[in-house]
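Hi everyone, and thanks for coming. Let me walk you through a structure that may be new to you, starting with some strands and ending with the disulfides.

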Amino acid sequence: MMTRVLLAGAVTLVVLVPSAFGSRAYTYPRFQPVSIAFVDAEHGVLAEDDWVCQRAHGCQGRLLVTSDGGGHWRTVYTGARGLELFPVRGSDVIYALTGNSMVVSVDAGVHWQRLHWGPSVVSFVTPSQGWKLGPATTLAHPPALLETRDGGGSWTMRSDPCTGDYGLPAALAFASARRGWVVCNTQATAGYQGKEIWMTPDGGSRWKLEGRTHPIGPPEPKQQVGNLPGYGYSTGATFLADGHGWLLQGRGYMLVTTDGGHTWQHSPLTKLDTIAAQSADLLSDKLGFVLLRGCTVRLVRTDLAAATATTLDRWNSPTQC
């Protein structure tokens with residue numbers, strides 16, 4: 001499943017643009033897709049934020065559900081802007097961050113209820129067992145990694161591998177009760193960012209470094225582990241228990257691994273500085289969903305290799321091209 005650390009980025013919204021047919025203009029959708037979660041091939045949830053709203057507080061977000069693999073959507077929840085979805089693979093449970101609160105659905109997104117614990121990035125492997133990170137802040141104040149085995153009633157501290165220059169966690173992705181991954185970032189430079197891929201074999205007590213690149217491009221050979229590229233900003237990840245997974249990047253390619261994060265290949269579904277994978281959910285080697293953002297926003301269905309894809313839905317995008 002995919003879990004991502006909160007991103008707070010300003011977006012320039014262009015409301016009216018000339019069409020290809022002359023002076024006629026059209027309006028972009030008020031709500032733009034920002035996150036996806038699927039429990040199986042047919043049932044999923046789409047999170048949208050209001051990109052028109054310019055207030056400091058009070059902007060809306062909403063959750064929509066599909067029961068036909070993304071062909072049709074209906075709104076089931078409206079809350080604060082800033083939505084992020086976290087599915088529990090093998091169940092109908094989906095956690096969601098909405099503004100300053102956490103909500104959960106136990107029926108594949110149809111109904112939602114508020115949780116008592118605060119906003120977090122989470123990765124659950126059952127409805128009861130999961131891990132969470134608070135919002136990323138600064139290198140000097142990294143969030144704690146915590147585990148629960150009672151659905152968030154209590155939490156236990158676990159070892160966080162994101163330290164030092166790589167102290168900004170970018171993604172948290174557990175695929176089983178024992179095996180999980182954390183992606184750690186450095187501060188970003190112009191297009192480049194140092195990143196590390198850590199894997200735990202025991203639920204977060206110990207971590208093994210699978211991949212690393214130095215923040216200075218080209219990477220320093222002494223610092224490099226595996227073939228992670230320096231270009232691109234890590235924003236999310238989704239892994240299967242066998243070590244197959246995807247790494248999402250802003251500005252850079254979506255990357256594909258089959259060895260737990262040591263070596264990576266780029267997905268041709270994305271293009272440098274043009275088309276980025278904003279959200280993704282990998283359910284198996286043969287089935288995954290990706291939300292692609294570029295001149296248009298597309299929800300696609302693909303497989304692990306992510307070389308080709310079927311478009312399920314599309315939206316006009318504020319991105320100028």
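**Strands and disulfides**

Let's begin with strand 13, residues 130-133, which is joined to strand 14 by four bridges, the two running antiparallel. When I say strand, I mean a DSSP run of E with at least two residues, numbered from the N terminus, and two strands pair if DSSP finds at least two bridges between them.

Before going on, please keep in mind that this is a predicted model, where local features need pLDDT of at least 70 and side-chain atom pairs count only at pLDDT 80 or more, while totals for chains, interfaces and linings use all residues. Residues are numbered from 1 along each chain as its sequence is written, and side-chain values use heavy atoms, leaving out hydrogens and water.

Back to our pair: Gly130 stands opposite Thr148 in strand 14. On to the next neighbour, strand 15, residues 156-158, which runs antiparallel to strand 14 and is joined to it by three bridges. Here Glu147 faces Thr156 of strand 15.

So what covers strand 14, residues 145-148? Buried residues lie on both faces: Leu145 and Glu147 on one side, Leu146 and Thr148 on the other. Buried means under 20% relative accessible area, with exposed over 50% and partly exposed in between, using a 1.4 Å probe and protein chains only. As a reminder, side chains in a regular strand alternate between the two faces of the sheet.

Finally, how many disulfides does the structure hold? There are two, a disulfide being a pair of cysteine sulfur atoms within 2.5 Å.

One joins Cys53 and Cys59, with sulfur atoms 2.1 Å apart. This link is left-handed, at -70° about the S-S bond. Cys53 is buried at 10% relative accessible area, and Cys59 is buried at 9%.

The other joins Cys162 and Cys184, with sulfur atoms 2.0 Å apart. Cys162 sits in the loop between strand 15 and strand 16 (168-174) and Cys184 in strand 17 (residues 180-188), so the pair ties together parts 22 residues apart in sequence. Cys162 is buried at 2%, and Cys184 is buried at 0%.
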